[in-house]
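Morning, everyone. I'll start with the whole protein and then go in piece by piece.

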Amino acid sequence: MPVTYWLEHAWLDPAVVSGVLLTADGGRITEVRPGVPAPPPGAEVLRGLTLPGLADAHSHAFHRALRGAAQTGGGTFWTWRETMYAAAGRLDPDSCFALARAVYAEMALAGITCVGEFHYLHHQAGGRPYADPNAMGEALLAAAEAAGVRITLLDTVYLHGGLDHGGHRPLAGVQLRFGDGGTDAWYARWSRLKPSGHARIGAAVHSVRAVAEEDGYAAVAEAAAGLPLHVHLSEQPAENAACLAVYGRTPARLLADHGFWGPNSTAVHATHLTEDDIALLGGSGTTVCMCPTTERDLADGIGPAPALHRAGSPISLGSDSHAVIDLFEEARATELDERLRTGTRGHWTAAELLRAAAGSGHASLGWPEAGRLAPGALADFTTVALDTVRTAGPPPRLGAETAVFAATAADVRHTVVAGRPVVRDGRHLLVEDVPGALAAAVAAALPD
Ligand SMILES: [Zn+2]
């Protein structure tokens, strides 16, 4: 059955167009017709600015439990990680499902229609597999379905507890839950994961800290041929220093030597890079996923996103540790951090940042047919109110600038996935009480 939406304003890249009739059938957009000044009978009216659905290209759902809790006291990335491990130690498939369902519902309320879940919490305490060795991953896939969003499960290889100048350390404590023992065992488990209507499967190497050259980066890249392949890259200077000490190469060069980079690959963070690293990533067409709210939360630094983009890398955006879940904030931080770093304005246009949040994000998650309002694309879109205290005032033709530089997730009014409303008038239609679900799931995940 075709469904018809009348969009008061729509971002038809690169311009905002007012009065657009959008028809969807079978989960895809079949027609986008501008020049319709009033809603015809039977059309669902979406007032505000409709954008393509946003892709949160880098998520660890369980990190949402740390919101607030990780903001007391000081420390570094490395002390934050200890707090994160405490939450990781408590989750089982049921509580993982409950937490992820609530987090993905929060995402839908923020206009996110697809999440890339970088998943490494695979096993029981001590590393013992569950009866279904993919019980945790399956819980995440089910959670996305229950919350009405698409997911790419980036099932992650995580074999070592860290890298210092003497080499890799063994997994210890909570980290034992992350490990499969080797890339062969990872492959045996990973290859049992199957895509479905709302879900696709990709692979990830956690980082050069957690997977050694001897483990075989190429084996993971070959297993994931044609699928999304992600990695945390050079998030912290200490990772680079240890990698140089042990391998005589930067993490980007080390992975390049094993054929890791290419158009299906995504480097997450890519914060501390050399000129050679930038050329490697850009020249290979590797996507770079910026997570600026996490990077500033963890005092990581500001990655060279404009230089990477000029070198050839598409940019995607992720909320990563979920200090906040707001892709408008990630988009504007990408520009505003650069302004602070350089003392000049105008490194990214609003249109470029929306492309990062929508089309490039989806492509990096293996959904190249999503992220634009055009016939043939998946019927995934979201509407931002232009009449709230934050967004009222600018003319609709500046809707993209308003969305990127003033709107927040709280201004999202409607979200549609596969042609079906998931959020209507700011209310999630599948998860009745999202704040209540978050509160209950977070309480269960936090240490007493
Ligand atoms: Zn991450």
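The secondary structure comes to 14 helices and 18 strands. Here helices (H or I, at least four residues) and strands (E, at least two) are DSSP runs, numbered from the N terminus. This is a predicted model: local features need pLDDT of at least 70, side-chain atom pairs count only at pLDDT 80 or more, and totals for chains, interfaces and linings use all residues. Residues are numbered from 1 along each chain as its sequence is written.

How compact is the protein? Its radius of gyration is 21 Å, close to the 22 Å that the globule rule gives for 448 residues, so the protein is as compact as a globular protein of that length. That radius is taken over C-alpha atoms, and the globule rule is 2.2 Å times the number of residues to the power 0.38. Along the principal axes, the C-alpha trace spans about 70 × 50 × 45 Å.

Now the domains. Domain 1 covers 3–52 + 371–431, and domain 2 covers 54–364. Those bounds come from an automatic or database domain assignment. The C-alpha centres of the two domains lie 29 Å apart. Their contact takes 26 residues from domain 1 and 30 residues from domain 2. By contact I mean that the C-beta atoms of two residues, placed from the backbone, lie within 7 Å.

Which element gives the most to the side of domain 1 that touches domain 2? It is α13, with five residues. Elements that each supply at least two residues there include β4 (44–52), β16 (412–417) and α13 (399–405). That side divides into 17 nonpolar, five polar and four charged residues. The classes go like this: Ala, Val, Leu, Ile, Met, Phe, Trp, Tyr, Cys and Pro count as nonpolar, Asp, Glu, Lys and Arg as charged, and the others, Gly among them, as polar.

On to the sheets. Strands of a sheet pair through backbone hydrogen bonds, either parallel or antiparallel. For us, two strands pair if DSSP finds at least two bridges between them.

Take the mixed sheet. Eight strands form an open sheet in the order β3-β2-β1-β4-β15-β16-β17-β18. Its edge strands are β3 (28–34) and β18 (427–428), and each pairs on one side only. Look at β1, residues 3–12. β1 pairs with β4 in the parallel sense, over five bridges. Trp6 has Val45 in β4 as its bridge partner. β1 also pairs with β2 (residues 15–25), this time antiparallel, over nine bridges. There, His9 stands opposite Ser18 in β2. A hairpin of two residues joins β1 to β2. Pro14 is found in that loop. The peptide bond from Asp13 to Pro14 is cis, with omega near 15 degrees.

Next, the parallel sheet. It is open too, with eight strands in the order β5-β6-β7-β10-β11-β12-β13-β14. The twist averages 25 degrees from one strand to the next. Angles run from 0 to 180 degrees between N-to-C directions, and axes are lines fitted to C-alpha atoms, for helices over the stretch in contact. Inside the sheet, three bridges join β10 (residues 199–205) to β11 (residues 229–233). Ala203 has Leu229 in β11 as its bridge partner.

α11 (residues 327–342) touches β5, β6, β13 and β14, and its direction makes about 140 degrees with that of β14. α12 (residues 350–364) touches β5, β6, β12, β13 and β14, and its direction makes about 100 degrees with that of β14. In the loop between β14 and α11 sits Asp320. Phi of Asp320 is near 50 degrees, a positive value in a residue other than glycine.

Last stop: a helix pair. The axes of α2 (residues 93–109) and α3 (residues 135–147) come within 8 Å and cross at roughly 35 degrees. Among the residues that meet are Phe97 and Tyr104 in α2, and Met136 and Leu140 in α3. By class, this contact has 16 nonpolar, no polar and one charged residues.
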